[in-house]
Amino acid sequence: MSKKFFSLLILMTLVVSLLPATAGAAPPAQAGGTTYTIQKDDWLSKLADKEYGDPLAFPAIVYYNNKKATEDPAFTLIEDPNLIEVGWTVYLPSPEEANAYLLGSIPAGAYNEAPMLAEMVAAGTLPPVDERLPDDPLIEPVDAEIGQYGGTIRRGFLGPSDHNNYTRVVYDALVRFSPTGGEVVPHIAAGWSSNEDFTEWTVRLRPGAKWSDGAPFTADDIMFWYNDILLNEELIASIPVWMQNADGSTVKVEKLGDYAVKWTYAEPNTAFLLELANKDGADRSILNLAFVPAHYVKQFHPSYVDAAELDAKVAAAGFDTWAELFAVEAMPHLSGKRPSMAAWAPDGTSVSDPVFTIKRNPYYIGVDPAGNQLPYVDEVRFTFFADSEALNLAAVAGEIDMQGRHIKMSNYPVFIENAEQGGYRVVLWPTFGGSDAVVMFNQTWTGPEVEMFQNKDFRIAMSYAIDRNAIRELVFLGLGELRQGVPAPFSPYYPGDEWAFKYTQHDPDLANQILDGVIPNKGADGFRTLPDGSPLDIEIGVVPEQFVAWDDVGQLIVEDWAKVGVKAHVELRERTLHFAMRPANELQVEIWNEDTTGFPFTGQPKFDPRSDPALCFAPLVRIWYQTNGAEGVEPTPVIKQIVDIIDEAKVSARGRQIELAQELFRIWADNVFEIGTVGLTPSVQGVVVVNANLRNVPAVAGNDWPLRTPGDTRPEQFFYAQ
Amino acid sequence: MTVSPDSPVMAPTPDDKRPLPTNGEVAVSLAGLVEDAEAIYVAPNWKLVWWRFKRHRLALISGVVLIAVTIVALFPEFFSTQDPNQTSATKSFIPVQAVHFFDEGRLRPYVYGVQGQRNPASLRMEWQIDEATRIPVRFFAKGYEYELLGFIPTNIHFLGVASPEAEEAIHLLGTDRLGRDQWSRLMHGSQVSLSIGLVAVFMSIFFGILLGGISGYFGGLADLVIQRLIEILQSLPPIPIWMALTAAMPRDWSVQQVYFAITVILSLIGWTTLGREVRGRFLALREEDFVVAAQLAGCSQMRVIFRHMVPTFTSHIIATSTLAIPVMIINETFLSFLGLGLRPPAISWGVLLQEAQNLQSIVLAPWLLLPGLAVIITVLALNILGDGLRDAADPYA
């Protein structure tokens, strides 16, 4: 299964590109198309970008080429747009042709809608579908087939703290990651462009797009976010990094018109789209917004309402400050009433309710290639479960229609054996982050053990001592690859096999040999002692009951290390406590996963010591950077090198970014600050239980938090076969 | 009050040929009773209790069961077949293996070998009994090394494979998800679970007698304060209190610290009932003539309490505490089951059950729930024994 999966993903990644479209790149218009021979490193979206200034125009090439190929055998038929080969002769349509194809794929006035909406239109309570859709609706590709309307997707959630369950399903952002995670595609925004040096980014909106209550979505909704949320100190104490220039000043955002907004950075920013693709209210944090329904949230903002009136609202809602009330009302899933741009909007319930339902948004901007307004499914219902075991049991009983979150990989055999009875199928979406269980050594630990943690040879020996195959068999059901925490082989950032598998063979003798050079003394109990004679007992901090049985991984590693004379023990802690101990530099060693290698320069990569939340890599170095060297611990040259690479990549063009990322992961794997064990398994939200009748759920998908899986797979186009 | 010789109720003379008014059986038992009565008259208290207790068959059987459990709890390593923490990548979820005692009519115990492989579709480890392989099993076999009672190094185990060098192993109760031997884990778990119960009860008894004694013997302000304290403690619902106390335990405590803290927490609530009982006894006894006599004879207060008063209700304390042990065991189990008590890598019955409380175990490896049976048997046995002891505690009743 994995071979096929990898080759598919490699293909998909090959044809997609993160290269942002630069405005004005299109050549002068020609009357007819051109004949072109495929060169090395070509892919269709790249050609489309070069020819028409839009990588998403590649279906036009396929269409016209294949039309031509049926008439003229000189042209090669493109059967799969993801697979082209060097030497093929293809027909590239003229920009006019391409434009005509793209615009004309759905004739105006031919949109269809769900029966429930048609009834409302007939009753006069809702405008007709052509008026509800934007002038240029988002045409969402379907995974396999054009769907049918109706049905409910039932999911389970674990209460208010499980708010991201909603966030992942709706993936309500201006731009989105594509299903494989390989590229950024337009969503609410119609498109974007940047200047030559990537300092100015213009985001184009869709004229006629509307919020779920029918109010128009315009540049003002982004400007409200900028002026009244981001720049309001009561709401946001410190500007998030993606909206900061290098000197700490805030990035400028201006309205160019009703449907265009420009971001201006002081330095080149090649990560802009990746950041924008995650500004969807994730983690129920207003820091993760980039647009809000201004007409709705104004009523909770002191700049727009009378102080006394606002105080009354705050008191009525039981809050102390307007900022608290605003933070709730700015999020659809917390408010229940706030209009949304997503395919489904809350029906008045919120994540605090035992049953949280989101219903079809009659104004959703997307249609399928046949012109049917999405979503196909009427509603998504989240039912509260007190614990994940109960949720898994419900899934086995067939009471969950589409869910990977909280589905435990260890239950996979149970799911498979009951699939027919429960009326579901199981789809595996392995994560590509790197390693699903890593051991991170704290480089700034304050105890005497740090001498060992900072010793590269010690870390190498500890890596050799681990029997990764046992971990794979016992914890990961024999799935996955024994590897370090570096990107997947199909990622452009992959540093190569040599580095991915460095120090991963199980060799206790070699480990002993290295350790005898580093920490030769042993105590009466046979365990190695620190050079000063004090005993070494490494504490491995683990949070049980997470996605992976990291506590079991910890037990296995403790045994492996004991065999080479290094004493360690697992300390299980509750999640909140563990998360508080990390930044406080109270963890010696911890086990978590390495899931950030796919996105090394955005978000909070775990190998960037400045990230928070991240693992206990070097918490005091983070403080050093935060305080500009006033407090904390100065980074070692290697750590400094990592930081420099990340900083350079953030302002580099794509090609250089890839080089830098590979360099970064070579350093990362070579230094084993973090010992990787088993990776590329579906353990983190990758065992997906899908109703047997639910279609268009892709068999292969990128699975990662930045992709908001399953949001990246376009849940709008899931449908029930009737 | 003279009785005339011709009185009709004159006792029969030895040569009187008249039959006894009742049948012979009664006569025999009456004769026995006379002997018994004599024995009873001279028997010490413990003997009376024993005679009474013996008549409670079920309690007697429970006692035997408990002795067995206690022996296991004292020497868990001896009864283990494998190191309870030893994992094996190739041995997860092996089902229960039955021991066959007779091989071709001769007492030569063996188990069949098992062969397993991962089902490529469901990824489940599937085990088949391989009747071609017979793994001989021996009593007092050599196995992994350990220290009996913590100081006698040995490698003799009650049961084991004949040739452990050959990588053979038996799994009487199967293995868990990490390939650890469930039987050996159960053995080790019984040590922790039983000892927590015992230690907690002993601490309860200590607090109960001390505070109950003070309260009952001295009365007055001390009595008032202690009784109100007991009332407050008893008025609090125990489960939320335990949960709150265990949740408040610093999570960075080591396994040993948690173990000790749990016993203290359990006994903190547990002593109140006994305290009440002891106080009542003291109140009743302190006015008794023999106590007054002891006081008048110039005995110290300690002597009066421990030499004269406490022995009169020792049997009651024993009975009460026997009934308290199973409660403590259950409490430990459910706290650990809820993830609030002991945590892995500690092994207790509660921890074993907690590890089995997931879909995977219930559906695919039901043998992992067997520690529940151990809890049931032990708790039942303790309850029946306690019942028997309570009946027997007052032999004159």
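Within how many Å do the axes of helix α11 and helix α14 of chain B come, and at roughly what angle do they cross?

Author: This is a predicted model, in which local features need pLDDT of at least 70 and side-chain atom pairs count only at pLDDT 80 or more, while totals for chains, interfaces and linings use all residues. Residues are numbered from 1 along each chain as its sequence is written, and chains are lettered from A and ligands numbered from 1 in the order in which they are written.

The axes of α11 (residues 314–337) and α14 (residues 371–393) of chain B come within 8 Å and cross at roughly 165°. Here helices are DSSP runs of H or I with at least four residues, numbered from the N terminus, and axes are lines fitted to C-alpha atoms over the stretch in contact, with angles from 0 to 180 degrees between N-to-C directions. Because angles over 145 degrees count as roughly antiparallel, α11(B) and α14(B) are roughly antiparallel to each other.

As for the residues that meet, where contact requires C-beta atoms, placed from the backbone, to lie within 7 Å, those of α11(B) include B:Ile318, B:Leu323 and B:Ile329, and those of α14(B) include B:Val375, B:Leu382 and B:Arg390. By class, this contact of α11(B) with α14(B) has 13 nonpolar, seven polar and one charged residues, where Ala, Val, Leu, Ile, Met, Phe, Trp, Tyr, Cys and Pro count as nonpolar, Asp, Glu, Lys and Arg as charged, and the others, Gly among them, as polar.

Note on methods. Helix = DSSP H or I, 4+ residues; strand = E, 2+ residues; numbered from the N terminus. Parallel < 35°, antiparallel > 145°, perpendicular 65-115°, else oblique. Contact = placed C-beta atoms within 7 Å.
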